[in-house]
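Here is a short briefing to read alongside the model.

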Amino acid sequence: MISIEELAGMIDHTNVQRDATEEDIKILCHEADDYDFSCVCITPTQAVLARELLENSNTQVCVVIGFPFGVQTPHAKAFEAEEAVENGASELDMVMNIGALKSGHHSLVQADIAAVVGAARGRVVKVILETALLTQEEKITACQLAREAGAHYVKTSTGFGVEGATVEDVQLMRETVGLQMGVKAAGGIRDLDTALAMINAGASKIGTSTGVQIMEDLLDQGDSTD
């Protein structure tokens, strides 16, 4: 069984809802600090608040870029990434240009990712593939392009409107990128069993809005075996 510390260090505690209030983000950050989660994952307008709340915490600030559709130009995504870094982000989750990939415009997809990587100035960049919209071949190609563009992670899903992470997709992504990159599973991960299934399939990070419940489930299991 995974340890409490190990699991906490893999969770990106997430609230990227369009109606998230300042109070919602305060709760998210306090929970993340209490459980020592890896990151809070939030929208760009919440970055300054999260940075201030987590100033003395081990928890990092992760900001979504080009969210949720990924249809912005590389220049626009790069500007958004640069502003997010200035506002306190240490990690960026960017949405890939899905239409460009499906149209066979691989150089544009790679340039789009590379623009954000450059603007991040060394910060961690995760590329959201939205795997539910891709064929197996497209998933493999997307992972390869993200790696070639200098990204640090590939991520399954935005969690908006389509199916989220699956064990099969996480396995495929891990097989494609090997140990050179991280794999983040996100979308529909709401309980401990699902989180552990994703980790066993090769995920190195879990994006979820129910991180507290997942941790409580693990703590309860630990208590039951004492």
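Contact here means heavy atoms within 4.5 Å. This is a predicted model, in which local features need pLDDT of at least 70 and side-chain atom pairs count only at pLDDT 80 or more, while totals for chains, interfaces and linings use all residues. Residues are numbered from 1 along each chain as its sequence is written, and side-chain values use heavy atoms, with hydrogens and water left out. Helices (H or I, at least four residues) and strands (E, at least two) are DSSP runs, numbered from the N terminus.

**Around H13**

- H13 counts as buried because its relative accessibility is 1%; buried means under 20% relative accessible area, exposed over 50% and partly exposed in between, with a 1.4 Å probe and protein chains only.
- Setting aside neighbours within four places in sequence, H13 is in contact with L28, E31, A32, F37, C39, V40, C41, T208, S209, G211 and V212.
- One of these partners, L28, is 15 residues from H13 in sequence, and the two C-alpha atoms are 7.1 Å apart in space.

**The cysteines C41 and C62**

- C41, also among the contacts of H13, counts as buried at 1% relative accessibility.
- How far is the sulfur of C41 from the closest cysteine sulfur? The distance is 3.8 Å, to the sulfur in C62, which is too far for a bond.
- A disulfide is a pair of cysteine sulfur atoms within 2.5 Å, and by this rule the count comes to 0 disulfides.
- C62 is likewise in no disulfide, with the sulfur of C41 as its nearest cysteine sulfur, and C62 is buried with a relative accessible area of 0%.

**How α6 meets α7**

- Two packed helices are described by the angle between their axes and the distance between the axes.
- Helix α6 (residues 106–120) packs with helix α7 (residues 136–148) at an angle of about 45°, and their axes are 8 Å apart.
- The axes are lines fitted to C-alpha atoms, for helices over the stretch in contact, and the angles run from 0 to 180 degrees between N-to-C directions.
- α6 and α7 are therefore oblique to each other, given that angles under 35 degrees count as roughly parallel, over 145 as roughly antiparallel, 65 to 115 as roughly perpendicular and the rest as oblique.
- On the α6 side the contact is made by H106, V109, Q110 and I113, and on the α7 side by T141, L145, A146 and E148.

**Loops and backbone details**

- Q46 lies in the loop between β2 (39–42) and α3 (47–53), and it counts as buried at 12% relative accessibility.
- Not counting residues up to four places away in sequence, Q46 touches A20, T21 and I25.
- The peptide bond from F67 to P68 is cis, with omega near 0°; P68 lies in the loop between β3 (60–65) and α4 (74–86).
- Where does R121 lie? R121 lies in the loop between α6 and β5 (124–128), and R121 has a positive phi of about 50° although it is not a glycine.
- R121 is partly exposed, with a relative accessible area of 47%.
- E130, in the loop between β5 and α7, is another residue other than glycine with a positive phi, near 55°.
- E130 is buried, with a relative accessible area of 4%.
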